[in-house]
Amino acid sequence: MNTRPAFSGFGLGLRPDYYTHILETRPQVDWFEIISENYMVEGGKPLYFLDRIRENYPLAMHGVSLSIGSTAALDMGYLTRLKTLIERVNPLWVSDHLCWTGLSAHNSHDLLPLPYNAESVRHVAERVKQVQSFLGRRIVLENLSSYVNFSESDMTEWEFVAAVAEEADCWLLLDINNIYVSARNHQFDALTYMNGIPQDRVIQFHIAGHSDYGDYIVDTHDAPVADPVWELYRLAVRRFGKVSAMIERDDKMPEFSELMGELATLRRIAEAEFPQLDAVRSEAAYV
């Protein structure tokens, strides 16, 4: 099984709106993250641009349809296509969400939460082990933003995330905005959440924007990163150290320069906490 991925610096989500700009200008981005399902196809423009951008940048793969928490059987066709893409991309790592997305061959296209209890931990961990065995590598699971609680839960979310990671022996992607969103919606302390996550399991951060409706907030990925999320990221760097991080934006796409500005902020916050990052970045695992 693969060892812990090296710190790879600061990245952006690769979105079709920016394919041409990236190829023409070669922006100073350490790596890009792709949505795996967008490239699990036989051919066409997505793969054309993927291959050309991969010639110049490391890529991480991030999926939305693994449905690792579902009670339906694992979709071996999906896993076979995922493995084919892994062989094509040779990614830094492969991630998906700690959730379920469908049942009985129906994909809800939503990231649905799980009850936080020992039964769910055992169920998810066993499926993660099967996926890791098939892919021949550890996968990375991301915490959700959540808006409901199950009466069957008898653990906190952070206890659940930590237990799954330890039982399954997988890595974690901490979405800092998701922690902030869930903390506001469920009235818990975001720092308590982060302190409950094992430091040695976290290999990536997501940073994104959200929509604030007063009584609740929604993880929409359609707005600039909010100031409280930047502050939470600073605290995450302080706790978890040199962890690869990226800006996620999926709607209301801005000029690429705006994303580069947020990427600069991301880098500046990390470097303020760890001045030695400049030296470490030069050792990042470029392929």
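I started with His 206, which counts as buried because its relative accessibility is 0% (buried is under 20% relative accessible area, exposed over 50%, partly exposed in between, with a 1.4 Å probe and protein chains only). Before going on, I noted that this is a predicted model, where local features need pLDDT of at least 70, side-chain atom pairs count only at pLDDT 80 or more, and totals for chains, interfaces and linings use all residues. Residues are numbered from 1 along each chain as its sequence is written, and side-chain values use heavy atoms, with hydrogens and water left out.

**His 206**

I found His 206 in strand 9, residues 202–207 (helices are DSSP runs of H or I with at least four residues, strands are runs of E with at least two, both numbered from the N terminus). Its side chain makes a polar contact with the side chain of Gln 204, at 3.5 Å (a pair of N or O atoms within 3.5 Å; within protein, one must be able to donate a hydrogen and the other to accept it, and residues adjacent in sequence count only if both atoms are side-chain atoms). I then listed what His 206 contacts beyond four places in sequence: among them are Glu 33, His 62, Glu 142, Asp 175 and Glu 248 (contact means heavy atoms within 4.5 Å).

**Helix 6**

Asp 175 turned up again as the N-terminal cap of helix 6, with a side-chain oxygen 3.0 Å from the backbone nitrogen of Asn 177. How many residues of helix 6 are buried? I got nine of the 11, so helix 6 is largely enclosed by the rest of the structure. The buried ones include Ile 176, Asn 178, Val 181 and Asn 185. Just after helix 6, Gln 187 takes a positive phi of about 60 degrees.

Next I checked the packing: helix 6 (residues 176–186) and helix 8 (residues 227–240) have axes 9 Å apart, at an angle of about 115 degrees (axes are lines fitted to C-alpha atoms, for helices over the stretch in contact, and angles run from 0 to 180 degrees between N-to-C directions). On the helix 6 side, Ile 176, Asn 177, Ile 179 and Tyr 180 meet Pro 228, Val 229, Leu 232, Tyr 233 and Ala 236 of helix 8.

**Rings**

I counted 13 aromatic pairs (rings of Phe, Tyr and Trp, the last by its six-membered ring, pair if their centres lie within 6.5 Å; planes under 30 degrees apart count as stacked, over 60 as edge-to-face and the rest as tilted). Tyr 19 and Phe 49 are stacked, because their centres are 4.7 Å apart and their planes are at 20 degrees. Tyr 19 sits in helix 1 (residues 19–25) and Phe 49 in helix 2 (residues 45–54), so this pair ties together parts 30 residues apart in sequence. Both Tyr 19 and Phe 49 are buried. I also logged Phe 188 and Tyr 193 as stacked, at 5.8 Å between centres and 25 degrees between planes.

For charges over rings, I found Lys 83 over the face of Phe 134, 4.9 Å from the ring centre (NZ of Lys or CZ of Arg within 6 Å of the ring centre and within 35 degrees of the ring normal). Arg 239 lies over the face of Phe 240, at 5.1 Å.

**Two loop residues**

Where is Gly 69? I placed Gly 69 in the loop between strand 3 (59–62) and helix 3 (76–89), and at 6% relative accessibility it counts as buried. Lys 242, in the loop between helix 8 and strand 12 (244–247), is partly exposed at 31%.
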